[in-house]
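Welcome, and thanks for opening the viewer. Load the model shown below, and we will walk through it one selection at a time.

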Amino acid sequence: MENNPKTYYRYRAFSSNTLDALCRDTLYFSNPGAFNDPLDCKPTLECDSSNEDLRTLLALLIQRRVEGEVLNNLEQARMKGEFANHYAMTHSQSEALRGLQDIAYHATNPDYEGKVSDAESWLLVIEIERELQKHYERGVCCFSKSYSNPLLWSHYGDQHQGLCIGYGIERNPIPQLNKVVYGGNRSINTSAIIKAFVDKNEQAQVELDRDVLLRKAKGWKYEDEWRLIGKQGNQDSPLLLKEVTFGMRCSRSIVHAVVNALEGRSNNINYFEMYTVRGSFTLKRRPLDICELSAFLPRTAMSGIEMFGEVSNDNN
């Protein structure tokens with residue numbers, strides 16, 4: 001953790017969801033399938049294993065998934081204990097066997113050119129790839145270590161009209177954020193997956209997690225991204241909300257709404273506003289003058305007469 005940033009930044013457009021997340025101190029963990037990069041968290045497999053090893057791997061992946069699904073359904077029906085565990089295990093084994101039998105049968109299809117064993121190998125790899133994606137159906141929450149990146153402000157901060165929320169790791173327990181790896185390729189060898197799941201090699205599991213959840217194309221490197229991995233959907237934030245930076249196009253009304261919405265939190269929050277450096281493309285920030293903000297907002301619209309009174313006519 002020594003080389004990790006002290007603050008992680010999340011760029012947001014202002015919306016009711018953003019305000020709700022700030023007030024409730026929650027974070028949204030997205031389904032990677034909804035990311036703007038369709039290649040994100042979508043590795044492809046390269047086969048370097050025997051059909052026997054592929055069958056073992058696929059059976060294990062199916063059993064893990066089905067057993068988890070059955071136990072979850074039984075728990076919702078308030079069924080737990082030895083019977084539930086035995087039923088889930090038996091059902092998952094049957095599903096795995098059925099899956100392998102279906103692949104063995106389809107591999108004999110005369111439309112496939114070449115050997116039956118080659119067709120079976122190809123079908124096994126395709127199904128393992130599908131099961132791997134189901135296994136990694138986790139929620140991802142994305143951050144950057146920079147608050148002044150103009151591209152991030154444009155892409156994720158509503159063209160500088162939004163805000164950038166800063167989070168720290170000063171919590172108990174200390175949350176684990178993972179740095180995104182840029183470059184390389186999307187291919188993962190089946191032998192690496194077997195080593196992680198079948199052989200239960202911890203280092204292989206770490207590397208597999210990285211290649212599935214944390215590897216992106218080199219062109220995204222400007223984001224300097226870090227990720228939290230968790231359940232999909234809204235979750236209580238494991239990070240410490242400690243600062244909010246407003247974009248240089250952000251409405252003063254939005255600034256006023258956010259500052260007042262967070263008033264009274266148990267920890268102090270620092271507020272900043274972005275500005276441009278004259279003669280350059282550099283973005284910097286300065287502390288927000290809350291007193292100045294409060295002097296003008298909220299306001300009540302008044303006519304000239306309401307503000308100054310009736311105009312007197314000296315000729316009468």
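Start with helix α3, which passes α4 in a right-handed crossing (the near helix is turned clockwise from the far one by less than a right angle; left-handed means anticlockwise). Before going on, note that this is a predicted model, where local features need pLDDT of at least 70, side-chain atom pairs count only at pLDDT 80 or more, and totals for chains, interfaces and linings use all residues. Residues are numbered from 1 along each chain as its sequence is written, and side-chain values use heavy atoms, with hydrogens and water left out.

Select residues 82–106 for α3 and 116–135 for α4: they pack at about 140 degrees, with axes 9 Å apart. Axes are lines fitted to C-alpha atoms, for helices over the stretch in contact, and angles run from 0 to 180 degrees between N-to-C directions. Helices are DSSP runs (H or I, at least four residues), numbered from the N terminus. Now show Leu100, Ile103 and His106 of α3 with Glu120, Leu123, Leu124 and Glu127 of α4, which make the contact (heavy atoms within 4.5 Å).

Next, select α2 (residues 51–76) and α6 (residues 190–197), whose axes come within 10 Å and cross at roughly 55 degrees. Here α2 passes α6 in a left-handed crossing. Show Asp53, Leu54, Leu57, Leu60, Leu61 and Arg64 in α2, which meet Thr190, Ile193, Ile194 and Phe197 in α6.

Methods: Helices (H or I, at least four residues) and strands (E, at least two) are DSSP runs, numbered from the N terminus.
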